[in-house]
Amino acid sequence: VAATDSCKADKRRVDRRDPPGALPARKLLVVLVEFALGSLRESLRARARARRAAATPPAGSSSPALRALTLAAMALPGMACAAELEDAHIQYSGYKEGGRNLWRGPNGTVKAPPALEVQSLELGLGLRLGDRTRLVFDYAQDTWSGATPILSAPEGFLTVTGASAYPATNGLVNRQLVPYGIGPGGIGPGGTRVPQPTVWNVMTGASAETRRQFDLTLSQEWDEAALAFGGGISQEPDFSSYFAHLNGQWDLNRKLTTLNAGLSYTTSDIDANLGPPETWIDYGQYRNAASGPSIITVARNGQLVQKFVGDREDWSANLGLTQVLSRNSTLSLGLTYTHSSGFLENPYKLVMLAFANPATPPPLFGGLWATRLFNVAESRPDTRSQWAVNAGLSHYVAAARAGLHFNLGYAQDDWGIRSQTAELDWNQGLGRGWLVTPRVRYYSQSAADFYQPYFIWGQRVPLNAAGTLNFGAVPVQYYSSDYRLSAFGAVSAGLSLSKRFENGLTVQAGAEYYVHAGGLKLGGGGTASFADFDYWMLSLGLGVDLTARPSAPDGAHAEHVAGPAAPSSSNSAKRHASHAGLLAPAGLQYAHMLDRSEPFMVGYRAMLGLQSGDVLRGSTPATDAQIAANACGAVECSMAPSKINMTMHMLDLMYAASDRVSLMAMFQFVDMDMDMRMLDGAVVDSGGHGHGASMSQSTGGLGDAGLGALLGLVRTADQALHLGLALSVPIGSVNETTSSDVFTDYGMQLGSGTWDLVPSLTYSGLRGRWFWGAQLNGVWRTSDANDSGYALGDMFQTTAWGGMRLTSWMSASLRGVYTVQNSIQGEYNGTHTTSSPTDFPQNYGGRYWDLGLGLSFALPGSAPRGDRISFEWLQPLSQDVNGYQLERTGSAWLNLSLAF
Amino acid sequence: MHTTASRWRKARAILLAGLSAVLCACTTVEPWERGNLATPQMTEEPADRTVRDHIYRSREGTAGPASARGGGCGCY
């Protein structure tokens, strides 16, 4: 309540200073911003306030420039006070598959592909817009890499080329359609043929891809009802979804009974990159289809690639009931109907269709029939309807202080899949905010009617006039070998652990192990073991509940950072200077020390780094001919990067051990996307099989972690000097590979791979409206080579900034940055790509001048604390790169810091 | 040996017992008696629930209750 009041008071203060000429613009901005936030009620209030403000005389004493800046800022109190941050969370999770039985070929030469891995990050913010209105923002991204099954086939129908297994084009079967393969004696005249019916997966390595999802939900509560609606988008290179959802809840019977209902809709565009045309795949049934999913061939960056395009829609409706049974038990029941239509195929899965011809040519090898094999894209019905019911019982076991949650689910659809789910969670309270939850889950499903590991018929091959497969005459219309549609069971067990601190911080960790096996299907009859696999999932998260924070210590930050510069005690004045760093630009690290008045800080920093445009040689653009001839060492470059985007999310934790020593821990999640182009005159070299051609690459996952301390050296009434020393712990990967399983370029690796020292020295000052500072910082690699054979160059940076507080809650800054980074030492100790300047160590590092423009805002209602959100844009002024590099176009920074 | 009729009677008895348990409960649990139901053990889901559901959805044939709410292709 106090926070809301101070927010309102702040708003009134601003209103009084409001120049009358600004009103229409301000009104418009406030309305726009608040409409965007979806709070009509707040917007009406703001307009009423604006009308009141129109009657008050203008302040009229400030300079025109200041007034213009203030004017621009005026739009923000409406938004800021309308939305008050209540809670936030960040969660990392890693997923890794294993346990697959892989075929190694007759001579054991088939290479085991890298396991599928997914690295995910999820962020959430909960904002209160009014007494009973909330807005929740969620962001999730996942990067997946590794190999996945593309089709399954009996051993007799597989061949080996180099280190890879491929489906054959011809095979042999006996009269019972059992596949035969080459036996002892080889393929020569004395060779034999033996039954080889065991089914294996053919795996394909794919280039990594990153998906990003944004979801916004607005909810409103009443005494006995609640309504939430929202929507979002999910974007990945081959799949874009747009979705909306609406949920209602109604409490009856003095809240003993709760009814809920929901409706959601998703529309998705599929634009899957199937890579360059391959002779062993027949996409005939979809090629240039007039309606529905279609496969088209397009030229991209001088290379022919096939695209599988289409769209789909999903509707889902659910009804639910929760009933309080006793003072220790609740029962919940749910019913869900889902209808999907359009492109329901998995665009990357193939199916082997086999035709064993009993007539011609005459039987071979003592009665075996020649069999033609076709590898085609799968085909599923254009619609799917699914009903699902679930029942759950939750019981509080008072003797153990535990919550027992038992859920049963059953679902069936018109594809023939029937599934059962049972899940048991034991939520054990351990006191002092600890909660530990062991859980088990069992899932079982029958196969879709059109699922088979491969399809075989004893009949003449249906060919059309051109001699290719006549899809209209294939005996079945629908066929899929996707293991998701097979008959299997899955058992998983997991453990989640969480600890909630009294100040509103929650940390959590979770692990799960999951086994998928045909043999685990309920009642038996599951698909053979070739499709079995398992996975591990680990997660780590941190949550903050700002409503649970203890009230701020009196005047901790108020008078020197957020409030007007007022005379204060000498003790407070000293803190004044140490907190000048709080106003430092968003792109600057190690600039802010804590003191014991609020000993914890949770910070979130995000960076988007952009490179596009010309490839520079030194400071000037290089021609394609120069790049080709000189940038790739002894070989000739065929490609160059055209766009590189890097994003970094960092969790920044700080603790004041004393007023002079702050301890820090930093965790990063990074991802990189790079687009390549062919250099003029270069020879086109098409990539291997799999999805995603080599013209774009992505990586993503945990970056290096940092541990360190800031030491206060000098502190006067308005100036401070502190030393920072951090150690970068190499937990980020330096083994990222392309789809061909060779090292991707150096810049795409997620960490440095070396233990690095990161020293810094920061001077900062604050007087009246003005603040300023300077920092020297560097990165020193403590070894010459990481596990992959190289070390990134050392880095040195110097920066100076100045800024002004424009209002009590907003400040602006300007800074200059000079950076020197050395080139990479050593080189990869394994096979790596060699076609682009980014593949060579000499094309890294350089000397850079940047100009930074920053804005920083106190979070509404946080005036006594110093919670802030800051933004900064770093604009390159001059670049002098080592070797040949794509020019930098700038970087955007966001920094949110919350004090505890 | 159970006849169909006796099975039906048994099912009906179980159903009635269940319903009467529900209805009895409705009249007895006052708001101040719901302290146990409001504990974190009863109300909180582990934070990794969403990511686990996303994985189940992309690995299993059943779409799940929140299937039409984004989630992407998951087709790897």
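Two strands are taken to pair if DSSP finds at least two bridges between them; strands (E, at least two residues) and helices (H or I, at least four residues) are DSSP runs, numbered from the N terminus. This is a predicted model, in which local features need pLDDT of at least 70, side-chain atom pairs count only at pLDDT 80 or more, and totals for chains, interfaces and linings use all residues. Residues are numbered from 1 along each chain as its sequence is written, chains are lettered from A and ligands numbered from 1 in the order in which they are written, and side-chain values use heavy atoms, with hydrogens and water left out.

**Strand pairing**

Strand S40 (residues 868-881) of chain A runs antiparallel to S41(A), the two being joined by 7 bridges. Within this pair, A:Leu896 of S41(A) lies opposite A:Ile869. The hairpin of S40(A) and S41(A) has 2 residues between the strands, and A:Gly883 there adopts a positive phi near 65°. Strand S41 (residues 884-899) of chain A also pairs with strand S26 (residues 600-617) of chain A, in the antiparallel sense and over 14 bridges. Here A:Arg888 in S41(A) faces A:Gln611.

An open sheet of chain A contains 6 strands in the order S8-S7-S6-S17-S16-S22, with mixed pairing. Because strand S8 (193-195) and strand S22 (455-457) of chain A each have a single partner strand, they stand at the edges, and one side of each is left without a neighbour in the sheet. Strand S7 (residues 179-182) of chain A pairs with S8(A) in the antiparallel sense over 3 bridges, and A:Tyr180 has A:Pro195 in S8(A) as its bridge partner.

**Salt bridges**

A salt bridge is a side-chain nitrogen of Lys or Arg within 4 Å of a carboxyl oxygen of Asp or Glu. Over all chains, the structure holds 35 salt bridges.

| A:Asp673 | A:Arg212 | 3.4 Å |

Accessibility is described as buried (under 20% relative accessible area), exposed (over 50%) or partly exposed (in between), with a 1.4 Å probe and protein chains only. A:Asp673 is partly exposed at 22%, whereas A:Arg212 counts as buried at 19%. A:Arg500 is partly exposed, with a relative accessibility of 35%. Both A:Asp756 and A:Arg781 are buried.

A network of salt bridges links A:Glu423, B:Asp48, B:Arg49, B:Arg52 and B:Asp53.
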